Amino acid sequence: ELSTGREYDWLGHEPARKEDSARADCGRRAAATGVATLHISWRHTLDGSRWPGGKLKRISSLRDAAEDFCAAAAWLREGFVGRGLDGCTPSLVLVGFSFGSPAAWAAAAALVAEGNPPSGVVAMAGSGRGGTAFQKQALDTGGCMASCAKAGVHTLMMHGTNDKNVGLDVAHYYYHE
């Protein structure tokens with residue numbers, strides 16, 4: 001969904017939905033305040049299916065998800081340069097939930113490496129990835145967080161105490177790292 005109130009699929013086609021959906025209305029209200037929003041679907045879930053849990057632990061899955069984030073970030077930046085309040089370009093904040101959190105961190109670190117860092121990362125009930133295999137690919141969550149911190153990328157971590165999928169100790173670990 002875009003802040004214009006229009007929705008597109010990954011290939012840039014408008015889905016067969018009415019433009020007056022609640023999400024589109026939310027996008028229009030955000031646009032009025034100078035905020036551009038984009039909600040992406042991972043390339044492996046375009047048909048509405050969920051990634052099987054085991055695949056989420058693969059390096060290739062995290063790499064694909066981070067690339068999707070980076071592509072979305074580039075598209076947003078290109079489309080909204082100078083279109084914020086007073087002609088400013090809106091800040092970019094990457095938001096990830098569960099597996100989306102290490103993907104957001106990996107994408108943010110890649111954007112930092114390109115010299116185009118986001119303003120912030122929000123990790124909601126975030127899982128993490130680590131170990132030498134992820135480190136060799138610059139996809140380990142701790143390393144990505146460290147490179148973002150050095151670049152001044154702001155961080156917000158949120159995690160519920162009753163989460164049954166990702167333990168609160170994961171958020172504590174990354175907070176203290």
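In what order do the three strands of the open sheet lie, and is their pairing parallel or antiparallel? In this predicted model, the open sheet has the strand order E1-E2-E3, and the pairing is parallel. Strand E1, spanning residues 93-97, and strand E3, spanning residues 154-158, form the edges of the sheet, each of them pairing on one side only. On average, and with direction ignored, neighbouring strands of this sheet are turned by 10° against each other.

The sheet belongs to a chain with six helices and three strands, which follow one another along the sequence in the pattern α-α-β-α-β-α-α-β-α. Of the 177 residues in the chain, 37% are buried.

The two strand pairings can be described in turn. E1 and E2 run parallel and are joined by five bridges; within this pairing, valine 95 has valine 122 of E2 as its bridge partner. Strand E2, which comprises residues 120-124, also pairs with E3 in the parallel sense, over five bridges, and here glycine 120 has histidine 154 of E3 as its bridge partner. In a regular strand, side chains alternate between the two faces of the sheet. For E1, the covered face is made up of Leu94 and Gly96, whereas Val93, Val95 and Phe97 belong to the uncovered face.

The side chain of arginine 129 does, however, take part in a polar contact of 3.1 Å with the side chain of serine 127.

Aromatic contacts were also examined. A pair of aromatic rings is described by the distance of the centres and the angle of the planes. The structure holds one aromatic pair, formed by tyrosine 173 and tyrosine 174, whose ring centres are 5.0 Å apart and whose planes stand at 80°, so that the pair is classed as edge-to-face. Tyrosine 174 has a relative accessibility of 13% and therefore counts as buried, the limit for this class being under 20%.

Notes
Residues numbered from 1 in each chain as written. Predicted model: local features only at pLDDT ≥ 70, side-chain atom pairs only at ≥ 80, totals over all residues. Heavy atoms only, no water. Pairing = 2+ DSSP bridges. Helix = DSSP H or I, 4+ residues; strand = E, 2+ residues; numbered from the N terminus. Axes fitted to C-alpha atoms, helices over the stretch in contact; angles between N-to-C directions. Phe/Tyr/Trp six-rings, centres within 6.5 Å; stacked < 30°, edge-to-face > 60°. Buried < 20%, exposed > 50% of the residue type's maximum accessible area, 1.4 Å probe, protein only. Polar contact = N/O pair within 3.5 Å; in protein donor to acceptor, adjacent residues only side chain to side chain.
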